[in-house]
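Please look through the sequence and the model shown below before reading the report that follows.

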Amino acid sequence: MSSEKRVPLENYVEYPAEEMLSRVTTFTEDLKRRRTVRDFDERPVDRRIVEEAIKAAGSAPSGANHQPWHFSVIEDPGKRKALREAAEEEERAFYAGKAGDEWLDALSPLGTDADKPFLEHAPVIIAIFAQKRGGVTVEEKRKNYYINESVGIACGFMLAALHQAGLVTLTHTPNPMRFLNEVCDRPGDEKAYMLIVAGYPTADATVPEHALIKKSLDDISSWI
Ligand code: IYR
């Protein structure tokens, strides 16, 4: 039996079509300026900016509205060092051959390597955990659904929010990430999903040219 209760849609704003086009174009042009950056300045970021970005992420749609995510902002220098050391150990094995030739070949135009100094020194590191169980309140321990889809969308919202604030970002997915549960003191039924690094770029920050190649509208879409 349904326990559904409904309320009126509030806060919806309709714009004239031309204004919609102008708004979406402005938004798209702005998002297109987002670059993944690995050269972070150590300048601190106002905590309130990060909190707003977490609120943006937390507003994402999710399976059964269970919001199956937790955001750990890792500030403690000891934890940051432990994170860097554990991640770099995994990455050394990855780049030494665990990844396989095809993967390493795909990565070569990006110039990435096993050194991850930003994990220790960038001003903001957020570990995003996906929760296997939960519910619409934090006390619940029900089964969660579409966990990867939900957390992926939340991470997208967070990247967009941090970019909108004027910070640069980097996604990092060390693999395996079990050590993050220990670093962040998270329960075993949560799985680290992604690290989002954010901050100011250094004055001489660079990005790989490869990252500027984007597929065209025709390449990525069809109207059928
Ligand atoms: N996790 C590794 C490797 C890596 C993998 C992909 I796919 C990238 O787009 C970038 C990096 C690292 O962070 O170096």
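This is a predicted model: local features need pLDDT of at least 70, side-chain atom pairs count only at pLDDT 80 or more; totals for chains, interfaces and linings use all residues.

## Overall layout

Along its principal axes, the C-alpha trace spans about 55 × 45 × 40 Å. When contacts between residues at least 6 apart in sequence are considered, 78% of them join residues at least 24 apart.

Of the 224 residues in the protein, 32% are buried. The largest nonpolar core has 22 residues, and those with the most contacts inside this core are I74, L83, L119, L180 and V197. Two or more residues are given to this core by each of α3 (77-98), α5 (118-121), β2 (124-131), β5 (168-172), α7 (179-184) and β6 (190-199), and α7 gives the most, with 4 residues. Apart from this core lies another one of 21 residues, among them W69, L162, M194 and I196.

Which residues does L119 touch, not counting residues up to four places away in sequence? With those set aside, L119 touches R80, L83, R84, A87, I125, H172, L195 and V197.

## The surface

The protein exposes about 14,800 Å², and carbon and sulfur atoms supply 53% of this area. L9, Y12 and M20 make a nonpolar surface patch of about 380 Å².

Methods:
Residues are numbered from 1 along each chain as its sequence is written. Side-chain values use heavy atoms; hydrogens and water are left out. Patches are made of residues with over 30% relative accessible area and no salt bridge: like charges are joined within 9 Å, nonpolar side chains (Val, Leu, Ile, Met, Phe, Trp, Tyr) within 5 Å. Accessible areas come from the Shrake-Rupley method with a 1.4 Å probe; for residues, only the protein chains shown count as cover. A salt bridge is a side-chain nitrogen of Lys or Arg within 4 Å of a carboxyl oxygen of Asp or Glu. A nonpolar core is a set of buried Ala, Val, Leu, Ile, Met, Phe, Trp, Tyr and Cys residues joined through side-chain atoms within 4.5 Å. Buried means under 20% relative accessible area, exposed over 50%, partly exposed in between (1.4 Å probe, protein chains only). Contact means heavy atoms within 4.5 Å.
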